Amino acid sequence: MCNLSQGILERGEARGEAKFILKMYEKGYTLEQIADVAEKSVDEVRSVIDKKSCH
């Protein structure tokens with residue numbers, strides 16, 4: 001796979017992951033629960049939520 005294709009794929013995966021995290025947050029899951037399910041740190045989850053709430 002070329003670098004461009006890989007970059008597009010990774011960006012799409014990141015968007016899907018952010019959407020998943022935001023959806024769980026909107027449904028009332030705690031940051032700890034989201035982090036556990038998404039296999040991310042609480043800080044990473046908080047960062048995704050903070051980025052989207054600024055836009």
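**Entry 1: ground rules.** I began with the salt bridge, which I take as a side-chain nitrogen of Lys or Arg within 4 Å of a carboxyl oxygen of Asp or Glu. The model is predicted, so I asked for pLDDT of at least 70 for local features and 80 or more for side-chain atom pairs, while totals for chains, interfaces and linings use all residues. Residues are numbered from 1 along each chain as its sequence is written, and side-chain values use heavy atoms, with hydrogens and water left out.

**Entry 2: the fold in outline.** I counted three helices and zero strands, and the order from the N terminus is α-α-α. Helices (H or I, at least four residues) and strands (E, at least two) are DSSP runs, numbered from the N terminus.

**Entry 3: salt bridges.** How many salt bridges does a search of the whole structure find? I got two.

I looked up aspartate 43 and arginine 46 to begin with; their side chains meet at 3.1 Å, N to O. Both residues sit in helix H3, three residues apart, which is about one turn of the helix. For exposure I use relative accessible area: buried is under 20%, exposed is over 50%, and partly exposed is in between (1.4 Å probe, protein chains only). Aspartate 43 is exposed at 55%, and arginine 46 is partly exposed at 37%.

The other pair is glutamate 17 with lysine 40, whose closest N and O atoms are 3.4 Å apart. This pair links distant parts of the chain, 23 residues apart: glutamate 17 belongs to helix H1 (residues 3–26), and lysine 40 to the loop between helix H2 (31–38) and helix H3 (42–54). Glutamate 17 is partly exposed at 32%, and lysine 40 is partly exposed too, at 29%.

Entry 4: Which residue has a positive phi although it is not a glycine? I found glutamate 39, with a phi of about 55 degrees. Glutamate 39 is in the loop between H2 and H3 and counts as exposed, at 73% relative accessibility.

**Entry 5: glutamate 44.** I placed glutamate 44 in helix H3, and its relative accessible area of 41% makes it partly exposed.

**Entry 6: surface.** Of the 55 residues, 18% are buried. The protein exposes about 4500 Å², and carbon and sulfur atoms supply 51% of that; the areas come from the Shrake-Rupley method with a 1.4 Å probe, and for residues only the protein chains shown count as cover.

**Entry 7: the largest pocket.** A pocket here is an open set of points on a 1 Å grid over the protein atoms alone, where a 1.4 Å probe fits, with protein on both sides within 12 Å along at least five of seven lines; lining residues have an atom within 4 Å of a point. The largest pocket has a volume of about 210 Å³, counted as the space filled by probe spheres set on the points, which are joined across faces, edges and corners. Ten residues line the largest pocket, and closest to its centre are Ala14, Ala18, Val48, Lys51 and Lys52. H1 and H3 are the elements that give two or more residues to the lining, and H3 has the largest share, with five.
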